[in-house]
Amino acid sequence: MPLHEPSTIFFQFDNVRRTIIASYWIIIILALPLWWKTTSIERLSLPSSRVRNQASKELRLPVHIQLPGPYLDTTKRSQDQLAQTLSRQGVDVVFTGGHVEGSNPTYILKHGTNGLVLSDRELEYDFSDESKLSTILSELLCPPQQGHLVAPYSPRFRLSFTLLNEDSTSGNYVRSWDVSSGIRRYITPLLDQLSLLHNFTIESQVQYHAPLAFKPRPSRLSSEDLSVFVNSAEWSLSSSASNDPVLHFVGFIPSQPLEMPESFLLPQWGGIVVHDPPSLSVDDVFPIFARQLLSLLGVFPLPAGVKYTDDVPISRWQLEALLRQRTLENTHSSQDTLRSIVTLVDQIEGMPVGWNVKDDILDALNALDKVYASSSASLRETAKQSTNAIALASRAFFNPDMLALLYFPAEHKYAVYAPLFASAVIPVIAAAVRELLAWRRQRQRRQQT
Amino acid sequence: MTRVPTFLLQVIASFLAGSCLAQASSSSGEEFSEELQIRPLRDGRVASTFSFRTFLHGATPRSPESLGSDDNSQHYHVFPLALGQILREYAVTELHLSMNAGKWNYDEWGYPGELGVATGAELWAWMGEGGISTVDERWAGLRNALSGLFCASLASMDEQRTTSPLMAFVPEGDLPNWPGPHLLRHASLPSEHVCTENLTPFLKLLPCKSLSGIASLLNPHRLFDADWHGMSVHVLWHANKGVEVGLSFQLVSDPLRQSSSKRRDWSFQSLFDRSIDNRCPVASSSTINVKLPTEEAYSLEPSPSSSDDGIGRYNLNVEGHLPSDIAMRWPSEFQYPLGSASVPLVPLALQRTLTGASQANGHLALRIQNRLNEELRVVYLETMPWLVQFYAHTLSATVDGRKHAGLISNVSYIPPLHHSRPTTFQAILTLPPKSTVALSMDVSKAFLRYTDHQPDAQRGWDLPSAIFVPLRNGSDRLDGHSLGQRIYTPTMLIDLATPDFSMPYNVIIFTCTVMAFIFGSVFNLLTRKFVVVHLDDQHKE
């Protein structure tokens, strides 16, 4: 059998061999984008500049105060003082002599000598003594913040009323209470007025064994005792049916008289009223619960000396001050939340960002734009948009999809890829290098000849 | 001026709402009663059943149509609020949950006080259809809520374990006449093990917790030391009466194990290591019933306030001395009853096994013995996770070893779907008097994916109990009146093909090496340059 010269067989031609090697490389290079696309996580770009821009803004809410004509000029000093105080809290005060058109509230000050009488949006004030004007107005329009006492804003709250008997076998116990009449008389009127901001669900229960977690000493209970008063292990107060925040109102019947304040408030948690048996009237307990509810929701008490006689329990001044405060707070925290999302996504490269997150962020930004747009026109609209913004922003922040691959480290991927790709790619590289060298040698030889 | 009428309307509305609620919230609308039943068993053990019933008079279950809108406020005194919230949130009409540990021995112990004695957890509910969410969505929510409430892994009773076995599970209460139909959902989790973390939330649902009344005997150290123990929750609605919530705890303890004298004497102290020191002040009735032995001599201290039908009753709610500790003593040592002379306590004796050595196929075999002198018709229900598939055409039945036709009727079989639907097999069996029926069926076992396996994969999978329900008087209609008491078989373990879990990475490496080797060889062949080498010695030739 005659021996072929290998270089005359077609697949041993230099060109064919080089085409084969090149086609491997072309396939590898073409496959790279596909591989990249199928293994990378979806990270949509977020409107970062819009978020930063929005976060640097500061909301200002206008308040119009109408003074009786003659006093508009004489009270300049108090006006400036008030404007300065309120401007620190994000409220701009404008004093006018007449009515201002628009749906934003105008508060009307009247001259009167019966002391401070509050009704609807009017206040009677004795202008012969100007000294207290700015303090009273600043307390009414923008009351001092109660800090950590007020429960954080939530569109829904559950109010849980619980009658706890420390030990019903000791004989000192209350078997039942007329909770629905207490709620009807003292709580429902408040809830109707607060329905602008929150929705409420109410529930109540009675427990016959609610031991304290500490031994009450004969002396007066100290504040440390009060801080562990709620025995969450033994009192089954919390319920699992929904995720809404709960405000607890506890009527506690001790088995022996306790030397302690009759009622106290636990910040952001609820209120406790300690009541000695045997009889318990809802008229004793529910007015305290109503007061505690107002404090927990951020409705400030009227300043000392102000008389309020209308038949609705919360005055317009209080309600609108609350609206302003919640609006400022919600706007501020939704701006913060949006900024945190952007920072977080920038920092963690493995965090996926899907359409629902992006849509929520865009909607929250739009809601914030509306907050600013409506801030000079309508307080209620502004408040509504700000609650909208915070709901959307926190939904985006807590979106569970963003955690999907956070715990799938890159090392894991390489551990799977390396054994296959490293060993397969090495011959391809080696062949390419060998062929390149051969080609160079060939060219040199051709040049020499 | 316009505010006055709206304000008035609000007052009227809230008054109306209040008066509707007043019925439910007045203390006369709620009633709590507790009962303890103690039964000496013929193998020397003692069965105790604690039952706590709360009645909410005049209440109705929530209609699913109203789920979209806000619910009425819930005001309860003795009714457990945490459970009430779940029932209303998911509009559940009837609910039965049981969590047990151990195997109920029907032959020695007879029927249990509470029927649900399947090993592990069993949950079934009747829910009305309609409204904004489907029954399956609410069923999922209910499972999650209950697993949160009872600290149990009920949430894993997902659609892969949910069936609707209508023959064996009929409503025990009434179903309201709503426009949509009522649907049944049933799931069981045989690997769930009841323990003290489930008891603590259970006790919190009781108005007197475990601090007074009969519930003060519930001492977790002793309850979970018992040979068999289990708890259950039942929610029923009785038309014209109201909603009833029954919470119960059952246990079978063995006094012989603890005593040195071979006597089966028991007392509250020896069974529970507790005594009843206080009455539960809100219990409308509080009774202890002790089943009195009929054939042997015994002494019971203190003596019951009344006794009839072989049951000694103690009423804790009457004035006077509180029977804080009750003790029953026998004068002689306990002789274990040997032989089969003893009277059968249940009509059926059941045996269920899964045979076959292969990991792909198996054989389900049942032996059902009818101990009665008359023909018995029973509903047979088998629910299996999708891991097991029945070949229904191989179903065969023999009576005392001889082939027999006409034993099996009304067969309904829903085959499983991988990763989504379990098997449901229901049939009515006709058992001839004093005979043993053997059923057998081929099954195939699923080959699981690597990620489908449980953390303890080598242990195998627990398969739920089969359920047998005798039919009364040969009636053909299936409803609450014709069905007798449910009997559960013990659970089974199935061994599926299980990989060596340390292998996957080795497999990846090994496969990659082979792939790379093949790739390299082919690539080299394609690109190798062949050269003819002329060796010197050839030249010389």
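This is a predicted model: local features need pLDDT of at least 70, side-chain atom pairs count only at pLDDT 80 or more; totals for chains, interfaces and linings use all residues.

Me: Which residues of helix 6 of chain A meet helix 8 of chain A?

Reply: Among them are A:Val179, A:Gly182, A:Tyr186, A:Leu190 and A:Leu194. On the helix 8 side of chain A, the residues include A:Val282, A:Phe286, A:Phe289, A:Leu293 and A:Leu297.

Me: What span should helix 11 of chain A have at 1.5 Å a residue?

Reply: The 19 residues of helix 11 (residues 379-397) of chain A should span 27 Å, and the end C-alpha atoms are 27 Å apart, which agrees. The buried residues of this helix include A:Leu379, A:Gln385, A:Asn388, A:Ile390 and A:Ala396. They pack against strand 1 (61-66), helix 9 (316-347) and helix 10 (355-374) of chain A.

Me: How many residues of helix 2 of chain B are buried?

Reply: Seven of the nine residues of helix 2 (residues 81-89) of chain B are buried, so read this helix as mostly covered. B:Leu81, B:Gly84 and B:Ile86 are among the buried residues. The cover comes from both chains: it includes strand 7 (199-207) of chain A, as well as strand 4 (92-101) and helix 4 (135-150) of chain B. Just after helix 2 of chain B, look at the backbone of B:Ala91, where phi is positive at about 50 degrees.

Me: How many residues does each chain bring to the contact?

Reply: Chain A brings 38 residues and chain B brings 47. On the chain A side, helix 1 (14-39), helix 6, strand 7 and helix 12 (410-448) each supply at least two residues. Helix 12 of chain A gives the most, with eight residues.

Me: Which residues of chain B does the UniProt annotation "transmembrane region" cover?

Reply: According to the unreviewed UniProt entry, that annotation covers residues 503-526 of chain B. In the model, this span is 100% helix and 0% strand, and its end C-alpha atoms lie 34 Å apart.

Conventions:
Residues are numbered from 1 along each chain as its sequence is written. Chains are lettered from A and ligands numbered from 1 in the order in which they are written. A residue is buried if 20 or more other C-beta atoms lie within 10 Å of its own, exposed if 12 or fewer, and partly exposed in between; C-beta atoms are placed from the backbone. Helices (H or I, at least four residues) and strands (E, at least two) are DSSP runs, numbered from the N terminus. Two residues are in contact if their C-beta atoms, placed from the backbone, lie within 7 Å. UniProt positions are given in the numbering used here, feature names are shortened, and annotations may be inferred rather than shown by experiment. The expected span of a helix is 1.5 Å times one less than its number of residues.
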